[in-house]
Amino acid sequence: MEQVYQVGDYYDDGVKQGVVVEVDGLHGKIVSLQQRFCCWAMGLEAVRSEIGSYDKCDGAKNQAIAMEQDCWQERYPAFAFCASLGEGWYLPTLAEMRAFTVDNLPVLNAVNERLEQIGAPIIKGEYWTSNECGYFDYDEQYLVAMVLIEEFKRPWINRVRETEKGEAGYARAVARF
């Protein structure tokens with residue numbers, strides 16, 4: 001019999017470990033225990049090019065698009081980090097990230113409390129999403145969406161912003177179970 005999970009539960013199937021952020025029956029999504037401080041894109045060509053990661057609901061599709069790019073592991077560190085965790089891990093979309101952070105404080109609190117209990121870094125700071133969202137003429141760079149979580153118990157400090165791909169932020173992966 002399969003285990004039924006709740007938001008905030010620790011998940012470990014022997015291959016993937018994380019904290020449950022979404023549940024739909026016996027399936028759902030987990031967020032990684034690890035995170036990495038890195039750029040979304042690295043190098044002038046990468047920050048000034050569009051890869052087409054515009055899927056708003058499925059970060060796995062955006063991850064696949066990033067992985068089709070030439071030299072993707074060097075040019076797209078946020079995606080490379082997620083892929084380094086193993087099969088099925090991906091950089092979440094803005095909608096996926098918002099669903100367990102900015103738009104749902106009880107989920108964020110439950111996830112961060114579990115992360116604290118197991119000694120993993122909590123979700124706090126600026127986090128990359130997989131969504132490209134436009135072009136900034138002044139710097140000739142494509143912009144991507146980033147979620148800012150300052151205090152996980154203060155929802156009024158959380159926000160979303162568009163930023164340049166070459167800036168640094170945290171990458172945190174999501175996987176389905």
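Modeller: Before we start, two strands count as paired if DSSP finds at least two bridges between them. Helices (H or I, at least four residues) and strands (E, at least two) are DSSP runs numbered from the N terminus. This is a predicted model, where local features need pLDDT of at least 70, side-chain atom pairs count only at pLDDT 80 or more, and totals for chains, interfaces and linings use all residues. Residues are numbered from 1 along each chain as its sequence is written, and side-chain values use heavy atoms, leaving out hydrogens and water.

Biologist: Thanks! What order do the strands of the open sheet have?

Modeller: The order is E1-E2-E3-E9, 4 strands with antiparallel pairing. E1 (10-12) and E9 (174-176) are the edge strands with a single partner each, so one side of each has no neighbour in the sheet.

Biologist: And how many bridges join E3 and E9?

Modeller: There are 3, linking E9 to E3 (residues 27-32) in the antiparallel sense. Val 31 has Val 174 of E9 as its bridge partner.

Biologist: Which helix packs on the sheet?

Modeller: Helix H6 (residues 105-117), which touches E1, E2 (17-24) and E3. Touching, or contact, means heavy atoms within 4.5 Å.

Biologist: New topic: at what angle do H2 and H4 cross?

Modeller: The axes of H2 (residues 59-67) and H4 (residues 77-84) cross at roughly 110° and come within 10 Å. Axes are lines fitted to C-alpha atoms, for helices over the stretch in contact, with angles from 0 to 180 degrees between N-to-C directions.

Biologist: Which residues make the contact?

Modeller: Asn 62, Gln 63 and Ala 66 from H2, with Phe 79, Cys 82 and Ala 83 from H4.
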